[in-house]
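This briefing goes through a few local features of the structure shown below, grouped by topic. Please keep the sequence and the 3D view at hand while reading.

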Amino acid sequence: MRRITAELFIVFMAVAGICNAGAREVRIELHLKPELDIDGTETGFVGPVVIEPREGEDVQSVDLTAAREFEIFLRKLLRREAELRLLPVDDNLRPPTDSLATLAQQPEFWTAINEETNADLIVAASIDVKVLDRAGYTTEEYVSPQDGKTYFRQVLVEETGFSYDILLIVVDGKTGAILHQEQITDFMPKDERKLKEQTDMFTDLYTLQNRLVGIFVPRVVQVKRALYAG
Amino acid sequence: MRNERETKMTVAALIMLAMFVAGAAVAGDPASKEAGAEMEWGYKAGRHGYWQEALMRFRHANELTPDQPRILNNVAVAQEANGLYEEALLTYQEGLAIAPNNDALRRNYMRFQEFYATYIAPPEDSGEQGTGGEGADDAQDNS
């Protein structure tokens, strides 16, 4: 009796299910507009990439490496993804200050770059990299599977890698006006033993790459959604 | 003997119930039938990537039989696919106000909220964290 009822229940559910066709997962593409309204004919100049000054601390080797690596990464990304016509590096560019926020308030600095290079867009950044190599104990809740009671236990937490804080601005070369400003924070975990290898620091930084590309070109994001078939 | 009779009655009752559910879904007034057909067409169009067509069909279905969570869900998805993110947000909210427990609507809305917060209107001063992390739960960026 029970078996028959169970079988009938399955048949019933199947019939009801067919008639009330449920939602099915579909993959859709969502289009995102770029932050800047550009047509791809513009010329771009990358620089300066400055090291964000920290109070009471001198510039360290990791800062210099990070600034150099970031400039290489930025040029590569803009050339490949943003379809900007990149102008050559100007080794003689010496900004009057290391503070990008201050430079942003000086349109004459940017128009001077435009006069020198004829760049339509100037992409500049300030970068602050911290090496995280710390470990410590933290307390966390723990529910015992034996008696179901909540206990507290000490857990060792290790955090090793590079922490990035980048301010990127895009300036209209002709007017010196700020067209776009983006603050990007990211973290790249690294094995403790590999912390000294300060090369390719910015590769595989998904968030950074994603945000930078999104400033210049449209993007497509694939997502899943449930859709009713009828 | 009695058990056999009980079994037969249970069978009959279940078949009748199944037929009732099936009938209710298939039959109905002409507007419901037409809305059902529009939903089917819209679904097919969407599956083939014709989201403008799908949106038009779903909207028509919604005009024929308003306040149906299933239809509102599909309208919202089609609005998303057409880049009408603000409208999609309102449609999801409208659908959830009618059917707060609709699984598909809730799941879609949660996913949409993640996408919206990540790409369309990120909260002020929120630095994105994590390498290789994707903004929306299942989002895959094809920039």
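In this predicted model, helix 4 of chain A carries the exposed residues A:Glu108 and A:Glu115 on the face turned away from its buried side.

**Helix 4 of chain A**
- The helix spans residues 107-117, and A:Trp110, A:Ile113 and A:Asn114 are buried in it.

**Chain B overall**
- Chain B contains 6 helices and 1 strand, in the sequence order α-α-α-α-α-α-β.
- Of the 143 residues in chain B, 30% are buried.
- Taking contacts in chain B between residues at least 6 apart in sequence, 40% link residues at least 24 apart.

**Helices 2 and 3 of chain B**
- Helix 2 (residues 30-47) and helix 3 (residues 51-64) of chain B have axes that come within 8 Å and cross at roughly 165°.
- An angle over 145 degrees counts as roughly antiparallel, and helix 2 and helix 3 of chain B are therefore roughly antiparallel to each other.
- Their crossing is left-handed.
- Helix 2 of chain B contributes residues including B:Ala31, B:Ala35, B:Met39 and B:Trp41 to the contact, and helix 3 of chain B contributes residues including B:Trp51, B:Arg57, B:Phe58 and B:Leu64.
- By class, this contact has 10 nonpolar, 3 polar and 4 charged residues.

Technical notes
Residues are numbered from 1 along each chain as its sequence is written. Chains are lettered from A and ligands numbered from 1 in the order in which they are written. This is a predicted model: local features need pLDDT of at least 70, side-chain atom pairs count only at pLDDT 80 or more; totals for chains, interfaces and linings use all residues. Axes are lines fitted to C-alpha atoms, for helices over the stretch in contact, and angles run from 0 to 180 degrees between N-to-C directions. Helices (H or I, at least four residues) and strands (E, at least two) are DSSP runs, numbered from the N terminus. Angles under 35 degrees count as roughly parallel, over 145 as roughly antiparallel, 65 to 115 as roughly perpendicular and the rest as oblique. A crossing is left-handed if the near helix is turned anticlockwise from the far one by less than a right angle, and right-handed if clockwise. Two residues are in contact if their C-beta atoms, placed from the backbone, lie within 7 Å. Ala, Val, Leu, Ile, Met, Phe, Trp, Tyr, Cys and Pro count as nonpolar, Asp, Glu, Lys and Arg as charged, and the others, Gly among them, as polar. A residue is buried if 20 or more other C-beta atoms lie within 10 Å of its own, exposed if 12 or fewer, and partly exposed in between; C-beta atoms are placed from the backbone.
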